[in-house]
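Subject: Structure handover

Hello,

Here is the structure we talked about. Please look it over first, then read the notes below.

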Amino acid sequence: MSAVIKSGESAQSVQEHTRTGMSKEALKQAYIDNLFYIQGRFLEVATPNDLYMAAAFTVRDRLLERWIQSAKAFKNRNSRTVCYLSAEFLLGPHLANNLVNLGIADTARQAGEELGLDFPGILETEEEPGLGNGGLGRLAACFMDSLATLQIPAIGYGIRYEFGIFDQVMVDGWQVERGDTWLRNGNPWEIPRPKLSFPVGYGGHTERYTDEHGELRMRWIPARIVNGVAYDTPIMGYGVNNVNLLRLWKAEAPESFDFQTFNVGDYYGAVHAKMEAETISKVLYPNDEPEAGKELRLKQQFFFVSCSLQDMIRLQAGIAGSLDALHEKFAVQLNDTHPSLAVAELMRLLMDEHFMHWDQAWDITQRSCHFTNHTLLPEALETWPVELFERTLPRHLEIIYEINQRFLDQVRVHFLGDEARIGRMSLIGGEDGGMRYVRMAHLAAVGSNAVNGVAELHTELLKSTVMRDFHELWPEKFHNVTNGVTPRRFIVVSNPRLAALITETCGDDRWVRDLDCLQALEGHAEDHGLQERWHEVKTAAKRELSNWLGERTGFAPDPQTLFDVQAKRLHEYKRQHLNLLHIVWLYEQIKRHPNVELTPRTFIFGGKAAPGYFMAKLIIKLVNAIADVVNHDPQVNGYLRVVFMPDFNVKNGQRLYPAADLSEQISMAGKEASGTGNMKFSMNGALTIGTLDGANIEIRDAVGHDNFFLFGMTAEEVRQRQAEGYHPGELYRNDDVIRSVIDLINSGIFSHGDTELFRPLTDNLIHSDPFMVLADFHSYARAQQQVGQDYRARHHWERMSILNTARIGKFSSDRAIRQYADEIWKVEPVPIDL
């Protein structure tokens, strides 16, 4: 047994095992052991990756002790367990977060320093797992953190993508995608389970047969089989001993090498099955424009859903020997429509593989599944062509047809004679002669016990628009659970200076587990001493971000300027181009009126555009084109700077959230389901300029209307204007300011004289403007003018900043998970003792 004696203690006193001890001496010994025995290195020759891997294994050992105890307790108590199915888990770096959750961050730093290690450098070495695209995947990661912290047994199920969301680089101002090879140096946090594997079928046909009891049954004869192999990652709770499980599936061929084919000289054919199978878990969100891309995405979604449900059935059968109470053991949460195939696959497994009758299988399925809708955008409400579905999953299409027939019979009885409603609610669309398709959101709604939106406005719009018919049929099914984010990662890890100041001011660190405790800051908001220290913390974060941007982009913004930040996925509805029109207007004002009074600002953009989304990529190009002109114009750059932060992800977000003075949440009202970036910025003391959209409404109500810069039309005003007929061309022709800004972009000043480069963007605004950028422009400009005035009144600004943080408690993911647990999952905490 390898053990260390704590400093100052005798050999007779308590010894610590080097794999589990939490003292500085135990961590030092464990680190040296892991470097030597796992990496095969000693300090003098270790590479940066060796040093990081040794640190990760040292921390992982401590997680595993708690993980094993958690798994034992959950099994012995037959604990009800949340199964969170998500196509994305955007986890962020593990090491710093796990150190915080274990409560040994300071001890580990001291141990590293005594070993002569560059502790910040080791943290920086970690690759970010690129297993998500944006808010959906990051929400799933926050929820996993909160589930463990609240001691709720949970398994997160998803896909172990070999290549995650692409790395973004800038070439001549354009986004260029590079492969995200996040696994190239190994992943010390995961544990492969090669013996835990499930078959997943595709294609083929179905056939009827009579079983030994004389009952008519169906079986699916797939044309192809791939295996899903489990890779497990422990997810540690904060300040508790609970560790939950993230189980990701990798696709493998049942036979990876055909020796006979190889022997006759067909070397490619010998590995063809392996290559075809591994494609399924190769890339996050392949381009689904081509037919092959659509088919691959459908295969991906079925792959992880089938593996996950087979795993749940294995666990339940091992404990109870029967699946009759599967719904009592597991609460299956479908994170958006990607996992909605779970409804049909669970029915298939229960009926075809475990020989249940329809009514019992349907009862278990409906009582097991719960559905979160994340969008009101029609293009994001997934549908699959029936022809593709039938070719890929023939048995599941039969089951969906049966679900649909039984469901529509129920609708006919409830809404007598309403044939239009039948067409709207059918699980199969396009019945009027066009291409027929399967509506996945409808399948999820029909097959689930509960449906929830993710912000109060979003849920109300969900009930009144895209799911109105379903709400009128089943009003009791619909819930609102406003999203939240974890303060562990987004304050404690990201902003340790602010965390320390909050703890000192509040008197303890209870706020880390109960964010409502931040309300204690309110009584100090007028304190000039706290305001000065608050300002110093913000300035230090801005200085660090400036240095990082200088290294990555060649431009280091002045930390004394107002950092105005819009960092989120690039999409027209998020209206990055509204921000840009305002910047161009400011540029024009300074050029025409050199003595105009303006607050010096740095506009910081970040976010990735989908590879096939031309307009979003053109907006990125315009950001960089404006930056190139503005930053090199000495008449302007004392007041106005622009920079694009490349490769925005969780790791880079942790640099950005603490440094922001102003958070841009400017989507057209009625389009953003919730947003979570708005919460992360506000937690870190940024003030918000935003519309009444998504969670902005609730944030504004929480932090105080006077501490939020509101602009723009409401969702109702948007609908009314659209109904009356919106004509952006008239705004362009009749409004001198709008016309001047667009004409300046078209003049070629930001494109080296090329008057056509940005024409697709400006023409879209003039002739279509689907997200009403021009309609909201003047309201936005006025709100931005107020921002500038308030920022110059420094104590006033710091007071507003403190109140934003103090009143943000509602937006912790802990609150969201408690709400899910109480209202939807009906699950209780299970504390773990070592």
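Start with arginine 217. Its side chain reaches the backbone oxygen of phenylalanine 355 at 3.1 Å. Arginine 217 sits in strand S9 (residues 216–221); strands are DSSP runs of E with at least two residues, helices runs of H or I with at least four, both numbered from the N terminus. Arginine 217 is buried, at 11% relative accessibility. Buried means under 20% relative accessible area, exposed over 50%, partly exposed in between (1.4 Å probe, protein chains only).

A word on the source: this is a predicted model, where local features need pLDDT of at least 70, side-chain atom pairs count only at pLDDT 80 or more, and totals for chains, interfaces and linings use all residues. Residues are numbered from 1 along each chain as its sequence is written, and side-chain values use heavy atoms, without hydrogens and water.

Next, salt bridges. The whole structure has 59 of them (a side-chain nitrogen of Lys or Arg within 4 Å of a carboxyl oxygen of Asp or Glu).

- Aspartate 311 and arginine 247 meet at 2.7 Å, N to O. Aspartate 311 is in helix H9 and arginine 247 in strand S11, so the pair ties together parts 64 residues apart in sequence. Both residues are buried.
- Arginine 412 and aspartate 409 meet at 3.1 Å, N to O. They are three residues apart in helix H14, about one helical turn. Arginine 412 is partly exposed, at 37%.
- Aspartate 647 and lysine 608 meet at 2.9 Å, N to O. The two lie in loops, 39 residues apart.

Best wishes

Conventions: Polar contact = N/O pair within 3.5 Å; in protein donor to acceptor, adjacent residues only side chain to side chain.
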